[in-house]
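Here are some notes for a colleague who is meeting this structure for the first time. The points below may be read with the sequence and the model side by side.

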Amino acid sequence: FAGQILSNLAAMNSQKFADERFNGKKVGEVMMDKLNTRGGSLALGHPFGATGSRLVTTASRRLQLEQERFAVVAACADGGTGHACILERYDN
């Protein structure tokens with residue numbers, strides 16, 4: 001699984017890949033100091049049927065504690081399905 005992640009990160013920052021697949025528009029480099037800094041659903045505890053809630057709750061709390069503006073949460077599921085969302089912190 002780690003190899004798949006590293007391959008995706010390399011592709012996202014590859015101009016050759018962007019030229020071949022996305023009309024030259026590459027995503028760019030992902031800042032590794034911001035990527036999954038505390039682990040994913042397994043590191044948080046992986047309660048069956050509650051992974052999404054766990055990830056969103058953790059990301060929301062981190063936005064408050066770290067005074068950041070946005071968080072991206074994503075998870076995959078069996079059979080090639082998955083979901084993603086962007087969370088935005090608002091000032092109280």
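1. Glutamate 66 and arginine 62 both belong to helix H4 and are 4 residues apart, which is about one turn of the helix. Their side chains meet in a salt bridge, with an N to O distance of 2.9 Å, and glutamate 66 counts as partly exposed because its relative accessibility is 34%. Please keep in mind that this is a predicted model.

2. Salt bridges that span the chain. The structure holds 5 salt bridges, and one of the others joins arginine 69 to glutamate 88, where the closest N and O atoms are 2.9 Å apart. That pair links distant parts of the chain, since arginine 69 sits in the loop between H4 and S1 while glutamate 88 is in strand S2 (residues 81-88), 19 residues apart. Arginine 69 is partly exposed at 37% relative accessibility, and glutamate 88 is likewise partly exposed at 47%.

3. The side chains of lysine 34 and glutamate 68 form a salt bridge of 3.9 Å, N to O. Here too distant parts of the chain are linked, with lysine 34 in the loop between H2 and H3 and glutamate 68 in the loop between H4 and strand S1 (70-77), 34 residues apart. Lysine 34 is exposed, having a relative accessible area of 52%, whereas glutamate 68, at 35% relative accessibility, counts as partly exposed.

4. A nonpolar patch. Which residues make the nonpolar surface patch? Ile5, Met32 and Leu35 form it, and its area is about 250 Å². Leucine 35 is located in the loop between helix H2 (15-21) and helix H3 (41-44), and its relative accessibility of 35% is why it counts as partly exposed.

5. Threonine 58. This residue lies in helix H4 (residues 51-66) and is partly exposed, with 22% relative accessibility. Threonine 58 and leucine 44 are separated by 14 residues in sequence and by 8.4 Å in space, C-alpha to C-alpha.

6. The protein as a whole. The protein contains 4 helices and 2 strands, arranged along the sequence in the pattern α-α-α-α-β-β, and its C-alpha trace spans about 40 × 35 × 20 Å along the principal axes.

How values were computed
Residues are numbered from 1 along each chain as its sequence is written. This is a predicted model: local features need pLDDT of at least 70, side-chain atom pairs count only at pLDDT 80 or more; totals for chains, interfaces and linings use all residues. Side-chain values use heavy atoms; hydrogens and water are left out. Patches are made of residues with over 30% relative accessible area and no salt bridge: like charges are joined within 9 Å, nonpolar side chains (Val, Leu, Ile, Met, Phe, Trp, Tyr) within 5 Å. Accessible areas come from the Shrake-Rupley method with a 1.4 Å probe; for residues, only the protein chains shown count as cover. A salt bridge is a side-chain nitrogen of Lys or Arg within 4 Å of a carboxyl oxygen of Asp or Glu. Buried means under 20% relative accessible area, exposed over 50%, partly exposed in between (1.4 Å probe, protein chains only).
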